[in-house]
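Here are my notes on this model, point by point. Please keep the structure open while you read.

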Amino acid sequence: MDQRYDFKKGKLEGFKHEDPMLFFKEWYQEAHEHDCADPHAVVLSTVSTDGQPSSRMVYMREMLEEGIIIYTNYLSKKGGNILKNPKVAALFYWDCVERQVRIEGVAEKVDKSISDDYFANRPRISQIGAWASEQSSEIDSRETLEERVKHFENKFPNEVPRPPHWGGYLIKPHYFEFWQGRLGRLHDRLCYTKDGNDWRKSRIAP
Ligand SMILES: Cc1cc2nc3c(=O)[nH]c(=O)nc-3n(C[C@H](O)[C@H](O)[C@H](O)COP(=O)(O)O)c2cc1C
């Protein structure tokens with residue numbers, strides 16, 4: 001556990017963009033170009049009504065001007081949390097470029113047509129899985145799940161419709177932090193906080 005690692009691959013001298021989404025897109029692209037493993041993998045944190053945070057990995061599937069889109073089961077634990085409290089946090093860590101991006105924002109369901117399009121292009125096995133798995137519900141055995149898979153394979157021999165409880169969330173950020181690891185733990189941290197229609201920029205201590 002006594003591993004010390006020096007961050008030394010980059011620095012953040014200033015705010016490259018007025019719009020943090022452009023900054024984010026640029027960093028995502030660079031993570032991709034540097035072959036970071038799964039650059040679209042993101043830790044999504046939600047909070048229950050009694051204030052208990054809960055985190056899990058998901059995949060970012062789209063970047064828009066207004067935010068990022070993820071897909072999941074609306075009846076899952078995260079879906080239940082978001083229904084009552086749409087405030088979420090998303091965390092990307094790109095080891096190969098020694099960067100993390102923290103996003104805080106609000107999640108809202110995307111239009112059904114957007115979820116339909118995305119679902120229609122998923123592999124069949126994932127489409128069937130979306131029907132078979134009552135995500136986050138207790139099940140008595142693996143066999144039960146596999147029987148449900150068979151059931152839906154028979155039910156939908158051809159095209160698989162999108163389950164109504166499965167779709168996308170658009171996470172609309174109101175806060176971003178761009179973190180670049182530096183030597184001696186003197187990391188660079190540049191933040192954008194939404195202020196009306198503008199973004200207030202600040203540098204914070206590491
Ligand atoms: C790398 C990775 C990517 C994942 N992507 C997704 C995803 O895009 N959507 C999803 O619902 N679950 C995804 N999962 C599974 C979630 O981590 C989680 O187990 C599931 O969504 C149930 O979470 P919940 O019970 O908190 O709602 C992913 C897991 C990993 C490890």
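1. **Terms and basis.** Helices (H or I, at least four residues) and strands (E, at least two) are DSSP runs, numbered from the N terminus. This is a predicted model, in which local features need pLDDT of at least 70 and side-chain atom pairs count only at pLDDT 80 or more, while totals for chains, interfaces and linings use all residues. Residues are numbered from 1 along each chain as its sequence is written, and side-chain values use heavy atoms, with hydrogens and water left out.

2. **Overall layout.** The protein chain has five helices and eight strands. Their order along the sequence is α-β-β-β-α-β-β-α-α-α-β-β-β. The C-alpha trace spans about 60 × 45 × 35 Å along its principal axes. Of the contacts with a separation of 6 or more, 64% join residues 24 or more positions apart; contact means heavy atoms within 4.5 Å.

3. The protein chain has an accessible surface of about 12300 Å². Carbon and sulfur atoms hold 49% of that surface. Areas come from the Shrake-Rupley method with a 1.4 Å probe, and for residues only the protein chains shown count as cover. Buried residues make up 41% of the 206 residues. Buried means under 20% relative accessible area, exposed over 50%, and partly exposed in between (1.4 Å probe, protein chains only).

4. **Main core.** The largest nonpolar core has 31 residues. Such a core is a set of buried Ala, Val, Leu, Ile, Met, Phe, Trp, Tyr and Cys residues joined through side-chain atoms within 4.5 Å. F24, F92, W94, V101, F176 and F178 touch the most other members. Two or more residues each come from α1 (20-33), β1 (41-47), β2 (53-63), β3 (68-73), β4 (87-94), β5 (99-109), β6 and β7 (188-195). The top contributor is α1, with six residues.

5. **W94 and the second core.** Which residues does W94 touch, not counting those up to four places away in sequence? They are F24, W27, Y28, A31, C36, P39, R99 and V101. A second, separate core has 13 residues, including I69, Y71, F152 and W166.

6. **Helix α4.** This helix covers residues 124-132, with Q127, I128, A130, W131 and A132 buried. Their cover includes α3 (112-120), α5 (142-155) and β6 (166-180). Take Q127, which lies in α4. Q127 counts as buried because its relative accessibility is 7%. Beyond its neighbours within four places in sequence, Q127 contacts F119, A120, R122 and V160.

7. **The α5-β6 loop.** N158 sits in the loop between α5 and β6. Is N158 buried or exposed? N158 is exposed, because its relative accessible area is 65%. N158 and R124 are 34 residues apart in sequence, yet 9.4 Å apart in space, C-alpha to C-alpha.

8. **Salt bridges across the chain.** Side chains of opposite charge can pair when their charged atoms come close. A salt bridge here is a side-chain nitrogen of Lys or Arg within 4 Å of a carboxyl oxygen of Asp or Glu. That rule gives eleven salt bridges. One of them joins R99 and E30, with the closest N and O atoms 2.7 Å apart. This pair links distant parts of the chain: R99 is in β5, E30 is in α1, and 69 residues separate them. R99 is buried, at 11% relative accessible area.

9. R189 is in β7 and E177 in β6, twelve residues apart. Both R189 and E177 are buried. R102, E177 and R189 are linked in a salt-bridge network.

10. **A pair within α5.** E146 and R142 form a salt bridge at 2.9 Å, N to O. They are about one helical turn apart, because four residues separate them in α5. E146 is partly exposed, at 38% relative accessibility. R142 is exposed, at 54% relative accessible area.

11. **Ligand site.** Residues around the ligand are R56, M57, V58, Y59, Y71, T72, S76, K77, K78, Q135 and S136, each with a heavy atom within 4 Å of it. Polar side-chain atoms of R56 and K78 lie 2.7 Å and 2.6 Å, respectively, from an oxygen atom of the ligand. For S76, a side-chain N or O atom is 3.3 Å from a ligand oxygen. A polar contact is a pair of N or O atoms within 3.5 Å; within protein, one must be able to donate a hydrogen and the other to accept it, and residues adjacent in sequence count only if both atoms are side-chain atoms. On its own the ligand has 620 Å² of accessible area, and the protein covers 65% of it.
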